[in-house]
Amino acid sequence: MIRFTTDDTEMPALDERKIGKWIRSVAAEYGFSVGNINYIFCSDERELEVNRQFLGHDYYTDVITFDYSTPTTLNGDIFISLDTVRSNAEMVSTTFDHELLRILIHGVLHLTGQGDKTPETKAQMTQKEESALAKWV
């Protein structure tokens, strides 16, 4: 089950059924089924709180993924700062909706085991995001 909730922000406009189908399709490409994925949309300040409290990081970010997956099923909590999604969209001259889709799938890719801490893994993540976004119809 894929759930969308908010914590101190308004829910963005989402086609939850279409997003769920897309996420399940991308997960299947990596050999996974979808168990329970919880998206929590929040503000920059809430995202910073989560980053400090659970990861010991003192900086803003667009997405934080907590992975509870099994070898075959994706499970996790994905915190997304809508403030940062909005500012990132402006920075790269794209729409908020496109950037939100990129971040939604970014979290899923983390659940499949994809990292992004080195230049090489970051480039791989970007390529996988682009591949997944190309399948959005």
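Biologist: At what angle do helix 4 and helix 5 (residues 119-134) pack?
Modeller: This is a predicted model, in which local features need pLDDT of at least 70, side-chain atom pairs count only at pLDDT 80 or more, and totals for chains, interfaces and linings use all residues. Residues are numbered from 1 along each chain as its sequence is written, and side-chain values use heavy atoms, with hydrogens and water left out. Helices (H or I, at least four residues) and strands (E, at least two) are DSSP runs numbered from the N terminus; axes are lines fitted to C-alpha atoms, for helices over the stretch in contact, and angles run from 0 to 180 degrees between N-to-C directions. The axes of helix 4 and helix 5 are 9 Å apart, and the packing angle is about 120°.

Biologist: Is the crossing of helix 4 and helix 5 left-handed or right-handed?
Modeller: Helix 4 is oblique to helix 5, where angles under 35 degrees count as roughly parallel, over 145 as roughly antiparallel, 65 to 115 as roughly perpendicular and the rest as oblique. A crossing is left-handed if the near helix is turned anticlockwise from the far one by less than a right angle, and right-handed if clockwise. The crossing of helix 4 and helix 5 is right-handed.

Biologist: How many charged residues does the contact of helix 4 with helix 5 have?
Modeller: Contact means heavy atoms within 4.5 Å. His98, Leu101, Arg102, Ile105, His106, Leu109 and His110 in helix 4 meet Met125, Lys128, Glu129, Ala132 and Leu133 in helix 5. Ala, Val, Leu, Ile, Met, Phe, Trp, Tyr, Cys and Pro count as nonpolar, Asp, Glu, Lys and Arg as charged, and the others, Gly among them, as polar. The contact of helix 4 with helix 5 has 6 nonpolar and 3 polar residues, while the charged residues number 3.

Biologist: How many nonpolar residues are in the contact of helix 1 with helix 4?
Modeller: The axes of helix 1 (residues 16-29) and helix 4 (residues 96-111) come within 11 Å and cross at roughly 40°, which makes helix 1 oblique to helix 4. Ile19, Trp22, Ile23 and Val26 in helix 1 meet Leu101, Leu104, Ile105 and Val108 in helix 4. No polar and no charged residues take part in this contact, and the nonpolar residues number 8.

Biologist: Which residues lie nearest the centre of the largest pocket?
Modeller: On a 1 Å grid over the protein atoms alone, a pocket is an open set of points where a 1.4 Å probe fits, with protein on both sides within 12 Å along at least five of seven lines; lining residues have an atom within 4 Å of a point. The largest pocket is lined by 20 residues, and nearest its centre lie Val63, His106, His110, Asp116 and Lys117.

Biologist: In which loop does Ser93 lie?
Modeller: Phi of Ser93 is near 55°, a positive value in a residue other than glycine. Ser93 lies in the loop between helix 3 and helix 4.
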